Amino acid sequence: MPALSLVRQAYSRRAHEYAELFGDAADAAAEDRDLIAAWAARCPGPIIDVGCGPGQWTAYLADLGHDGEGIDPVPEFVAGARRRYPACSFRTGTVADLGRSGATYGGALCWYSLIHLEPAAMPGALAAIRACLVPGGRLLVGFFDGERVERFDHAVTPAYFWPVACLAALVEAAGFRVAQTEQRRDAAASRPHAAIHARTF
Ligand SMILES: C[S@@+](CC[C@H](N)C(=O)[O-])C[C@H]1O[C@@H](n2cnc3c(N)ncnc32)[C@H](O)[C@@H]1O
């Protein structure tokens with residue numbers, strides 16, 4: 001079965017449980033909320049929340065006054081997000097679908113949603129994101145930091161650690177300039193976090 005089908009199947013089974021745990025941005029780390037808010041303030045247009053899961057970040061951005069929508073390949077997530085956040089817009093789709101509708105967004109938030117891609121699929125995914133952004137549009141990627149590109153057993157379905165420099169190089173190769181990188185290790189969390197903020201030119 002292709003990788004996306006496995007990811008979709010795994011999250012479909014656990015969408016409700018995932019939403020119970022992570023479906024409210026108020027419960028997320030304050031550092032993440034602040035980082036996403038500061039990034040969004042610099043986006044020159046509507047924001048697409050790629051791999052939005054339960055939709056908590058789409059709703060958080062809407063509360064901050066940013067137009068946009070969430071997209072996710074898992075229908076159970078999209079249905080739950082619509083129920084939970086009826087004022088926001090959500091649709092079913094994948095990162096690959098973004099390249100098809102032209103440059104319409106000022107920002108793409110990929111918060112721990114590219115972690116399940118096979119590494120060989122990352123350049124194509126970043127190119128699709130680049131294609132959906134207007135000139136000066138901004139990307140924010142959240143992911144798990146690692147010393148090498150390495151698969152691990154994520155609680156839902158396998159995922160990959162990425163070294164910041166390695167993912168940043170792919171982001172630049174896709175037509176972005178990296179503006180800022182962040183690395184953080186929470187006392188309570190077993191995996192180090194990282195984020196890359198980049199803009200198109
Ligand atoms: C770890 S969850 C993160 C969800 C949400 N962004 C959050 O911060 O809670 C990973 C999400 O990525 C989505 N996803 C996996 N593969 C994807 C793909 N190829 N395109 C878009 N989203 C994908 C999953 O359906 C899931 O919602």
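Author: Glu 147 is exposed, with a relative accessibility of 74%, where exposed means over 50% relative accessible area, buried under 20% and partly exposed in between (1.4 Å probe, protein chains only). This is a predicted model in which local features need pLDDT of at least 70 and side-chain atom pairs count only at pLDDT 80 or more, while totals for chains, interfaces and linings use all residues. Residues are numbered from 1 along each chain as its sequence is written, and side-chain values use heavy atoms, with hydrogens and water left out.

Reader: Which side chain meets that of Glu 147 in a salt bridge?
Author: That of Arg 148, at 3.8 Å from N to O; a salt bridge here is a side-chain nitrogen of Lys or Arg within 4 Å of a carboxyl oxygen of Asp or Glu. Arg 148 is partly exposed at 47% relative accessibility.

Reader: How many salt bridges are there in the whole structure?
Author: The search finds 7. One of them joins Arg 91 to Glu 69, with the closest N and O atoms 3.3 Å apart. Arg 91 belongs to strand β3 and Glu 69 to strand β2, so this pair ties together parts 22 residues apart in sequence. Strands (E, at least two residues) and helices (H or I, at least four) are DSSP runs, numbered from the N terminus.

Reader: Glu 69 and Arg 91: buried or partly exposed?
Author: Glu 69 counts as buried at 14% relative accessibility, whereas Arg 91 is partly exposed at 27%.

Reader: Which residues are linked in a network of salt bridges?
Author: Asp 32, Arg 184 and Asp 186 are linked in this way. Between Asp 186 and Arg 184, the closest N and O atoms are 2.8 Å apart.

Reader: Changing topic, how many disulfides does the structure hold?
Author: It holds 0, a disulfide being a pair of cysteine sulfur atoms within 2.5 Å. Cys 110 is in no disulfide, and its nearest cysteine sulfur, that of Cys 132, is 8.3 Å away. Cys 110 is buried, at 0% relative accessibility, and Cys 132 is likewise buried at 0%.

Reader: And helix α4, which of its residues are buried?
Author: In α4 (residues 75-84), Phe 77, Val 78, Gly 80 and Ala 81 are buried. They span an arc of only 165 degrees around the axis, which puts them on the same side of α4; the arc is that of the directions from the helix axis to the C-beta atoms.

Reader: What covers them?
Author: The cover includes α1 (3-22), β2 (68-72) and β3 (89-92).

Terms used: Contact means heavy atoms within 4.5 Å.
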